[in-house]
Amino acid sequence: MSIVSETLMTFLPAKRKSTPSGWISFNAPCCIHNGTGADNRMRGGLKEEGDTVSYHCFNCGFKASWQPGRNVSYKLKQLLTWLSVPDDVITKLSLEVLKINEGVEVQQRLIDLPTFDEVQLPPESQLIKDDPCNVSDKLTAVKDYMSTRQLWVDQGYNYYWSNSLGYRDRFIIPFYYEGRIVGWTARTVTADKKPKYITESQPGFVFNLDEQRPQKVFCIVVEGPIDAIHIDGVALMRAEINDQQAMLIDRLNREVIVLPDRDATGAGLVEQAIARRWSVSMPEWAPDIKDVNDAVLKYGRLYTLYSIVSAAESSPLKIRLRAKKWYAT
Ligand SMILES: [Zn+2]
């Protein structure tokens, strides 16, 4: 029962009865205020249905109601006054309801998971396969780039390329969410070409969530998609965590380990991770290793993963101490 119906019930006339359809009937207090004779046939009715409480007078036709999320209306205040509810009680009730509504709004914001629209890959995109018959110079350049980053077609991730102008020297990584393509990034394979990335992404998106299988104990959070693919982690697509991304990641219900890049933006990410009560990992890598991809090239995938998980730290104090060293080298 809500505080509104509680207050109403407390001040209803003592003489009342319940009907089979759920109405509580009593002599309506409204009629004399609405130009109708006083009700003495118990034609005022109060009903609670779900979270909604409604008052209806079957004599003068006056109505008032309340449900969570709505404030105490002028009509409801009139009804309360006519039921002889003291003014200070009505004021207190209105304030309480305001407070509850704020709480309801906060909760609704918290449970609103982002949704992502399905999008098209760049024109003429096609899956890159290990097919020696289907070779063009452009595709070869893309495949060469992939091998320098130790990305292989048979790894389990679907990589694309496109022969259309503007994309033909780009390596395309589709973004999946619940099995649908909801974005992509196309990285140039030509050195020094700008822009390095052409990306279509949606707010709140977290890369590689589909691969976070239930049996996993950790979720490793990195900045970029290629790093995420290397270690089966997720990527924020930038060095910031927004609320929707955090919700999607927390929802996995496992230890979250943030692995920041070793640059100025990564340092900002460390504090954001602490604020979210996530762990942070800054492994003992050689000074020239700046991110997961560097580590994979130097140490291999398995050792890289091991070094990340074993360096995970959850104490804010220890994280900050470690960050000083990690970013100093
Ligand atoms: Zn009435």
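**Salt bridges and an open sheet in a predicted model**

The count of salt bridges comes to eight, a salt bridge being a side-chain nitrogen of Lys or Arg within 4 Å of a carboxyl oxygen of Asp or Glu. The structure is a predicted model, in which local features need pLDDT of at least 70 and side-chain atom pairs count only at pLDDT 80 or more, while totals for chains, interfaces and linings use all residues. Residues are numbered from 1 along each chain as its sequence is written, and side-chain values use heavy atoms, with hydrogens and water left out.

**Sheet**

- Five strands form an open sheet in the order β12-β11-β13-β14-β15, with mixed pairing; strands (E, at least two residues) and helices (H or I, at least four residues) are DSSP runs numbered from the N terminus.
- Two strands are taken to pair if DSSP finds at least two bridges between them.
- The edges are β12 (234-235) and β15 (312-313), each of which pairs on one side only.
- Strand β14 (residues 279-281) pairs with β15 in the antiparallel sense over two bridges, and S281 stands opposite A312 in β15.

**Helix across the sheet**

- Helix α9 (residues 301-310) lies across β11 (218-222), β13 (255-258), β14 and β15.
- This helix runs at about 100° to β11; axes are lines fitted to C-alpha atoms, for helices over the stretch in contact (heavy atoms within 4.5 Å), and angles run from 0 to 180 degrees between N-to-C directions.

**Salt bridges**

- Side chains of opposite charge can pair when their charged atoms come close.
- E96 forms a salt bridge with K99, with the closest N and O atoms 3.5 Å apart.
- E96 and K99 are three residues apart in helix α3 (residues 87-111), so about one helical turn separates them.
- E96 is partly exposed at 32% relative accessibility, whereas K99 is exposed at 56%; buried means under 20% relative accessible area, exposed over 50%, and partly exposed in between (1.4 Å probe, protein chains only).
- E240 and R238 meet through their side chains in a salt bridge of 3.8 Å, N to O.
- In this pair E240 is partly exposed, with a relative accessible area of 43%, and R238 is partly exposed at 33%.
- E284 forms a salt bridge with R322, where the closest N and O atoms are 3.9 Å apart.
- E284 lies in the loop between β14 and α8 (292-299) and R322 in helix α10 (residues 316-328), so this pair ties together parts 38 residues apart in sequence.
- E284 counts as exposed, at 62% relative accessibility.
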